[in-house]
Amino acid sequence: MSGFFVVIVLLLLFIIVVQIAKASEYVAILKGEKKTQEQNNRLHATLMLVFLIVGLIGLYVCHELLKDKLLPVAASVQGVAIDHMMTVTLVITGIVFFITQILLFVFAYKYRGREGHQASYYHENSKIEFFWTAIPALTMTILVAIGLKHWFTITSAAPPNAMVVEVTGKQFNWMFRYPGKDGVLGKKDYRLIDEGKFNPLGQVWSDPYNHDDVVSSELHLVVGRPVKLEIGSRDVIHDVGLPYFRLKMDAVPGVPTTLWFTPKYTTAQMAKMTGDPNFVYKLVCDQLCGAGHYSMVANIVVETQQEFDQWLASQKSQYQLAKEGGAIPSDSTRMAMLPVSSKKPEVSLK
Ligand SMILES: [Cu+2]
């Protein structure tokens, strides 16, 4: 019903506009076409200036209202460099924005149609065209090159002392897997995924590397130590968003992606720096992935190596949990219960 009224209102508005146009046409005939045209030009030109001034005031007000909502300092070594790149980009594009927008509206006012003013026209000016093509092209190339440098850094091979954490997204939460004492993540097979059997990631229990792998819903990282995230998804495309570290990476089903960075401050240090005693680093999903997308947030704890070791030691491995839950049968029957081809899993992050 409301849709019907909207159509009626739009129709009436259209009729009103047509009537106004008709009326102004008659007024123009009575007053003289030229004079009306000039009045209209002056009105439009003034509105252009009003738009510019209101727009710039709006920009300032938005900045004042939102400046306290900006993220705190970058919490990763790579994030500091990425922030610097953002500043350089914003300054360059900001200067261009102000110059072009102010000129656009001021010129629209200054060169409005007036009695005795003739527009000049020339067909081409290759000198101007060369500069307005070459300068933006060169600037954009430099900005893109800086961006690519950072992209190649975070997606390249991680330093040898990096710890590895596997990140898996699913509708609608995140799972983190740590390789345990052996330092190796065990094999996975998507056909083995079964929440009811304590196997949310499809770990292949016959692979001994899996026996000490810890699965957590919280991401624990060590301050000052590079971490390599091996990212995947169980269903649709998600995105590992790390706003405090200034990084993000898509989580694509079947196509593992990686990302490495070095956390700079522990959660406790960040709480002090932000003046918020309850500060918690967040990992958020940056890809609209379904009805529960908004809730796809995980906590990140950045701590010292000692605190991390203590935490990891206090965690039960997923294998142990599955065993205690009765989901893993005795050794003799285990292999028989697996799908035949799963002894050589097709899909694995290792
Ligand atoms: Cu999502």
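Guide: In this predicted model, 12 residues of domain 1 are in contact with 16 residues of domain 2. Two helices, α3 (77–110) and α4 (126–155), each supply at least two residues of the side of domain 1 that touches domain 2. The largest share of that side, five residues, comes from α3. Sorted by class, the side of domain 1 that touches domain 2 has seven nonpolar, four polar and one charged residues.

Domain 1 is made up of two stretches, 72–112 + 128–156, while domain 2 covers 163–343. Between the C-alpha centres of domain 1 and domain 2 the distance is 36 Å.

Within α3, the residues Gln 78, Gly 79, Ile 82 and Phe 105 are buried. The buried residues of α3 pack against the helices α2 (33–66) and α4, and also against the strands β7 (247–251) and β8 (257–261).

Helix α1 (residues 2–31) may be set beside this. Its 30 residues reach 43 Å from the first C-alpha to the last, close to the 44 Å expected at 1.5 Å a residue. Of the 30 residues of α1, the number buried is zero, so α1 lies largely in the open. After α1 comes Gly 32, whose phi is positive, near 110 degrees.

Notes. Residues are numbered from 1 along each chain as its sequence is written. This is a predicted model: local features need pLDDT of at least 70, side-chain atom pairs count only at pLDDT 80 or more; totals for chains, interfaces and linings use all residues. Helices (H or I, at least four residues) and strands (E, at least two) are DSSP runs, numbered from the N terminus. The expected span of a helix is 1.5 Å times one less than its number of residues. A residue is buried if 20 or more other C-beta atoms lie within 10 Å of its own, exposed if 12 or fewer, and partly exposed in between; C-beta atoms are placed from the backbone. Domain bounds come from an automatic or database domain assignment. Two residues are in contact if their C-beta atoms, placed from the backbone, lie within 7 Å. Ala, Val, Leu, Ile, Met, Phe, Trp, Tyr, Cys and Pro count as nonpolar, Asp, Glu, Lys and Arg as charged, and the others, Gly among them, as polar.
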